[in-house]
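Student: I'd like to learn how to read the contacts in a protein model. Can we go through them step by step?

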Amino acid sequence: MNLHFILPKSPKDQEVIVMAGKPVLYYYNARGKMESIRWLLAAAGEEFEEKFMKTREDLEKLRNDGVLMFQQAPMVEIDGMKLVQSRAILNYIANKHHLYGKDIKERALIDMYAEGVADLNEMIIIYPFGPPEGKDASLAQIKDKAKTRYFPAFEKVLKSHGQDYLVGNRLSKVDILLVELLYNVEEIDPTIITSFPLLQALKTRISSLPTVKKFLQPGSQRKPPVSEESVAEGKRIFF
Amino acid sequence: MAGKPKLHYFNGRGRMESIRWLLAAAGVEFEEKFIETREDWDRIRKDGSLMYQQVPMVEIDGMKLVQTRAIINYIANKHNLYGKDMKERALIDMYVEGVADLNEMTIVFPVHPPGVKETKLSEIKDKAKNRYFPAFEKVLKSHGQDYLVGNKLSKADILLVELLYNVEELDPSAIASFPQLQALKTRISNLPTVKKFLQPGSQRKPPTDEKTIEEAKKMFM
């Protein structure tokens with residue numbers, strides 16, 4: 001075997017080789033705050049393992065082991081680190097896989113857009129956990145904000161440059177996270193996206209990327225929409 | 001990238017204060033345009049400067065940036081306050097997100113009605129003492145360095161020290177059992193730029209009082 005073909009050629013290759021082993025995701029078997037991380041890893045083509053918490057005891061054990069910096073999940077073991085806090089995890093994955101633009105101004109736009117996505121996505125994540133009497137109002141607010149605040153803002157960005165991706169004519173974390181959001185909103189109300197042709201086109205384009213296509217197929221690590229059982233399980237473990 | 005950044009917000013701490021701290025610590029002079037009347041608020045929302053019709057908004061280097069984290073990250077990137085590689089960035093982000101979670105409670109605290117305030121104050125004290133401060137004390141103890149990450153000043157140090165001041169205003173003995181945090185607070189406070197920001201007459205805003213909240217509620221709700 002000719003070793004010249006498998007030895008790293010550049011410092012960059014070296015960095016990649018040093019970071020061996022699949023990331024391990026610690027959460028419960030539901031979407032929650034881990035789902036965006038699953039989307040991003042999958043889209044980036046990075047295989048990952050999952051260790052599911054099933055009971056409060058499972059969470060307490062992780063806390064007692066000292067692996068959760070703020071006693072909270074999600075936690076992802078990746079490249080020798082035990083990272084908590086969704087944004088820290090997402091940003092690390094984006095940096096590692098070149099999904100964060102080419103300079104600090106592109107990073108700023110990507111962050112600005114991703115934070116808007118996160119604000120609406122947060123509403124969708126938490127509304128099933130609220131009191132039953134508040135659910136209709138929460139749902140109405142989600143639809144209203146999607147329709148009048150967030151979707152128009154992103155449609156406007158795409159319209160302004162006519163490119164295939166939100167920032168810098170190149171795939172970044174925000175294209176993936178926005179498309180995740182579009183799927184989430186569609187599950188709540190399929191009609192909202194119909195007035196946003198550029199968002200529809202982005203959704204189609206990103207969904208057709210081989211890694212994303214695979215993630216969207218049955219049998220992937222993508223989690224199903226929240227159910228009463230998973231809400232109950234989440235409450236038992238975390239609340 | 002010429003011209004001073006311009007901060008658009010109300011004349012109070014709120015979600016803009018962390019940005020003021022970071023700019024000041026980085027030695028960046030900035031201007032402020034305060035939203036003071038209903039007309040100001042309506043105008044800025046109508047003129048298309050606010051991507052999501054929300055503030056904070058910062059005009060900086062030709063951009064109109066909204067979303068606190070996007071603004072903070074840009075300033076950190078620009079002024080080398082974000083570590084030297086992506087693993088350091090990950091640690092910095094992890095720490096800053098923890099800071100932000102507790103700081104959020106102090107930001108929202110003045111808005112609660114009096115009956116709710118007591119409960120919220122207990123929550124803040126409890127989380128500070130049992131969750132967040134021990135976590136950061138542990139980090140500093142683990143490496144014994146002067147800064148949280150990579151032996152170099154980053155946004156994490158500045159924002160954590162802002163948080164320590166905020167919690168102390170609500171609970172003066174909050175960091176009494178955390179010697180590393182006390183030392184960090186002293187060290188960061190002594191940096192010339194931060195020292196200046198902590199002096200009267202700077203652009204640092206005072207604690208939000210009930211009168212200000214009442215006026216804001218009348219104007220904007």
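Tutor: Start with the salt bridge: a side-chain nitrogen of Lys or Arg within 4 Å of a carboxyl oxygen of Asp or Glu. Keep in mind that this is a predicted model, where local features need pLDDT of at least 70, side-chain atom pairs count only at pLDDT 80 or more, and totals for chains, interfaces and linings use all residues. Residues are numbered from 1 along each chain as its sequence is written, chains are lettered from A and ligands numbered from 1 in the order in which they are written, and side-chain values use heavy atoms, with hydrogens and water left out.

Student: How many salt bridges are there between chain B and chain A?

Tutor: Two. B:Arg69 makes a salt bridge with A:Glu115, with 3.7 Å between the closest N and O atoms.

Student: How do I read the size of an interface?

Tutor: It is often given as the accessible area lost when the parts come together. Here, buried area is the accessible area (1.4 Å probe) that two parts lose on being put together, summed over both. For chain B and chain A that comes to about 3,100 Å², with 63% of it on carbon and sulfur atoms. On the chain B side, B:Tyr52, B:Met86 and B:Met94 lose the most area to chain A, together 22% of what that side buries.

Student: And how many residues does each chain give to the contact?

Tutor: Contact means heavy atoms within 4.5 Å. By that rule, chain B gives 35 residues and chain A gives 36.

Student: What about contacts inside chain B?

Tutor: For those, look at domains, whose bounds come from an automatic or database domain assignment. Chain B splits into domain 1 (6–79 + 198–220) and domain 2 (86–190). The centres of these two domains of chain B, taken over C-alpha atoms, lie 21 Å apart. Their contact takes 20 residues from domain 1 of chain B and 18 residues from domain 2 of chain B.

Student: What area do domain 1 of chain B and domain 2 of chain B bury between them?

Tutor: About 1,600 Å², 55% of it on carbon and sulfur atoms. In domain 1 of chain B, the residues that lose the most area to domain 2 of chain B are B:Arg15, B:Trp21 and B:Arg69, together 28% of what that side buries.

Student: How many salt bridges are counted between domain 1 of chain B and domain 2 of chain B?

Tutor: Five. Elsewhere in your list, note the salt bridge between the side chains of B:Glu210 and B:Lys117, at 3.6 Å from N to O.
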